[in-house]
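Here are a few notes to read alongside the model.

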Amino acid sequence: MNPTFLQTPIDYLKGVGPNRADLLRAELGIHTYQDLIHLFPNRYIDRTRYYTISELERNNADVQVIGKVTSLKMIEGKGRRLVATFKDDSGSMELVWFRGQKWIRESIKLNTVYVIFGKTNYFNGSFSMPHPEMELLADHEKSLRSAMQPVYPSTEKLSNKGITNKVVNTLMQTLFLEAKSHLHETLSKPIMESLKLMPKREALLNIHFPQSQADLARAQYRLKFEEFFYIQLQLAFKNRMHKTKIKGYPFKNIGEHFNTFYNEHLPFELTGAQKRVLKEIRADLGSNAQMNRLLQGDVGSGKTIVALLSMLIALDNGFQACLMAPTEILSVQHYHGLVELCKPLNTSISLLTGSTKASDRRIIHEQLENGELKILIGTHALLEDKVKFKNLGLAIIDEQHRFGVKQRSKLWHKNEYPPHVLVMTATPIPRTLAMTVYGDLDVSVIDELPPGRKSIKTVHRYDANRLKVFAFIRDEIKKGRQVYIVYPLIQESEAMDYKDLMDGYESISREFPLPDYQISIVHGKMKTADKDYEMQRFIKGETQIMVATTVIEVGVNVPNASVMIIESAERFGLSQLHQLRGRVGRGAEQSYCILMTSFKLSSDSKTRLETMTRTNDGFEIAEVDLKLRGPGDITGTQQSGALHLKIGDIIRDNDILKIARSYAWGVVKDDPAFAKAENQIIRFMYAQMVKFKNIWSFIS
Ligand code: ADP
Ligand code: MG
């Protein structure tokens with residue numbers, strides 16, 4: 001191999017001067033030959049067909065036409081432009097340039113046969129083509145360019161400065177002629193053979209100059225596989241290192257706390273999924289490695305009890321445990337819930353949040369340090385440096401997407417060795433995506449709801465039907481149920497949103513007047529104490545209606561609330577709608593979710609509403625959400641953007657990802673040092689990857 005050749009700076013390529021080199025670096029991050037050869041086309045245009053001018057249609061397809069430029073003229077004034085008359089045997093059309101006229105004027109050959117290519121406009125009975133790509137027929141026939149014309153990623157600046165798709169294409173040809181003998185295989189023989197993959201050199205050739213649809217498909221498959229394979233290889237390697245190198249505290253005992261609670265005080269039989277997940281956690285805790293696990297479970301799937309049982313294992317081994325939640329309301333609720341559950345056990349639990357009084361705080365700090373306090377529940381107040389544990393063995397984070405990786409790592413340093421970490425999330429993300437994004441976390445899933453849950457009936461209603469909805473609310477309240485009414489609160493339109501919320505509150509107060517009805521209101525501008533007071537009134541059943549912004553989104557548990565009304569539902573994202581809906585359906589009663597919208601709906605909004613009314617399955621909803629928004633936007637998965645995929649698509653190419661994953665993890669398991677002869681290529685690639693931090697910027 002000749003690694004240095006492909007690391008040649010792009011400036012040295014024929015056709016790339018210093019200006020172009022700067023542009024390529026700045027706009028596309030192309031520094032070397034290696035980078036350019038891995039600039040993959042976004043799409044391909046089928047240029048197998050040539051149109052005559054009389055055959056042109058009024059559509060927006062790219063077409064190519066063979067003909068001659070018969071005249072050129074400048075049209076001055078507003079919209080100054082250069083116009084060429086272009087003719088073939090069937091008729092004539094215009095070619096138009098708004099920029100770069102001087103250069104075009106000088107370089108165009110009149111009455112010579114060209115192949116032009118581009119989109120057409122239709123005006124006053126004739127066609128025109130702005131800024132066509134042009135090539136002399138003679139060159140066109142000679143060129144390496146294939147029928148499937150690649151379209152490369154570009155920017156406005158690049159096209160304005162004349163680095164058109166055609167220019168990139170030409171550079172690619174030049175590069176290929178020079179670099180061909182330097183393109184070596186990058187996957188091991190057993191993998192190539194077992195999957196019958198296209199060799200690397202051939203794949204690169206076909207990705208840039210595909211000769212047929214079939215060759216292109218094979219080339220893409222091979223390159224996508226390679227991209228996923230090496231990302232997964234890194235993850236697998238990291239995961240293995242973690243397991244072998246990062247020492248954890250082995251919790252060898254399942255003792256009194258756990259056994260007493262499990263055998264005598266468990267309020268219900270665990271679901272199969274809860275048992276399975278608990279087993280996975282126990283195995284982690286009992287090993288010598290630190291646990292670093294993501295627990296996914298839809299809203300209401302029963303993550304809390306799993307958290308408690310895990311904490312009891314920590315206690316049985318002489319360690320402390322903590323549980324961190326993203327909001328005050330949630331922490332308080334966890335605290336009360338866990339105190340209740342732990343009543344029969346001899347243990348100590350405290351709550352620490354931003355509003356804990358200084359005097360209480362002092363006691364908590366002291367008891368934490370001397371080990372009297374066993375379980376600490378709270379908000380991110382737990383992360384403060386002042387909060388020191390005697391012996392923290394397990395840290396649980398609820399509702400992960402509100403916390404970042406940084407917070408996780410802060411918890412790591414609360415003890416000499418990092419405590420075991422369990423991250424719980426109710427935002428279901430598809431499993432393979434989770435494994436890709438949280439590569440360093442092991443994933444457990446609770447994919448089963450506790451028995452006896454009635455599925456929530458979800459309907460979509462227009463604002464015009466509000467009176468009927470009010471009548472429905474009245475009926476439910478008469479039956480003794482409680483109702484949430486939620487308003488959107490988006491940062492950009494905060495003032496308007498607060499106005500909508502207050503207007504809504506007023507009209508609901510009129511519709512449901514005192515003394516028959518009591519209404520709570522909770523929103524972000526209220527003082528924490530007031531929020532808690534209102535929330536507690538609703539939890540205790542003193543109020544029947546809770547008017548709120550999305551502050552109640554996560555975790556709140558009021559089993560008697562059976563109706564969730566979401567105002568301006570078209571403004572919420574899918575995962576948010578699903579989270580909100582999860583606030584009801586927690587008791588034995590039939591629950592309802594009513595999505596209120598205006599008549600005006602975008603097609604994405606329609607898809608979201610249709611999905612919500614069709615299914616209660618969080619994973620299905622997550623898949624749709626992913627398709628609508630792309631992986632980068634999904635809550636908690638922003639890191640997927642950091643993968644910088646060049647050709648693979650986590651969603652669309654999920655099947656390839658799965659195969660690549662299983663091969664990569666297989667290699668690491670079978671030959672973790674990459675010592676076998678067949679794995680030398682992989683060993684070399686891995687070393688390069690670590691060096692260059694990017695899988696395509698090392699040598700082929
Ligand atoms: P989440 O996963 O959303 O945090 P919770 O842990 O709050 O869910 O559980 C939701 C409700 O279901 C709680 O009221 C809890 O007591 C109850 N629950 C949990 N597991 C079971 C089970 N196996 N059987 C019956 N009810 C359960
Ligand atoms: Mg929860």
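1. In this predicted model, three helices each give at least two residues to the lining of the second largest pocket: α13 (303–316), α14 (328–342) and α20 (528–539). Of these, α14 supplies the largest share, with 9 residues.

2. The second largest pocket holds about 1,000 Å³ of space. Its lining numbers 36 residues, and those nearest the centre are Gly 302, Thr 304, Ile 305, Asn 557 and Arg 586.

3. Now to the rings: searching the whole structure turns up 18 aromatic pairs. One of them joins Phe 5 and Tyr 33, whose ring centres are 5.5 Å apart with planes at 70°, so this pair is edge-to-face. Because Phe 5 sits in helix α1 (residues 3–6) and Tyr 33 in helix α3 (residues 33–37), the pair ties together parts 28 residues apart in sequence. Both Phe 5 and Tyr 33 are buried.

4. Phe 258 and Tyr 262 make a stacked aromatic pair, 5.5 Å centre to centre with 10° between the planes. Both belong to helix α11 (residues 256–265), where they are 4 residues apart, about one turn of the helix.

5. Lastly, do look at the cluster in which ring pairs link Phe 225, Phe 229, Tyr 230 and Tyr 663.

Conventions. Residues numbered from 1 in each chain as written. Chains lettered and ligands numbered in written order. Predicted model: local features only at pLDDT ≥ 70, side-chain atom pairs only at ≥ 80, totals over all residues. Heavy atoms only, no water. 1 Å grid on protein atoms, 1.4 Å probe; cavity = no way out; pocket = protein on both sides within 12 Å on 5 of 7 lines; lining within 4 Å. Points joined across faces, edges and corners; volume = space filled by probe spheres on them. Phe/Tyr/Trp six-rings, centres within 6.5 Å; stacked < 30°, edge-to-face > 60°. Buried < 20%, exposed > 50% of the residue type's maximum accessible area, 1.4 Å probe, protein only.
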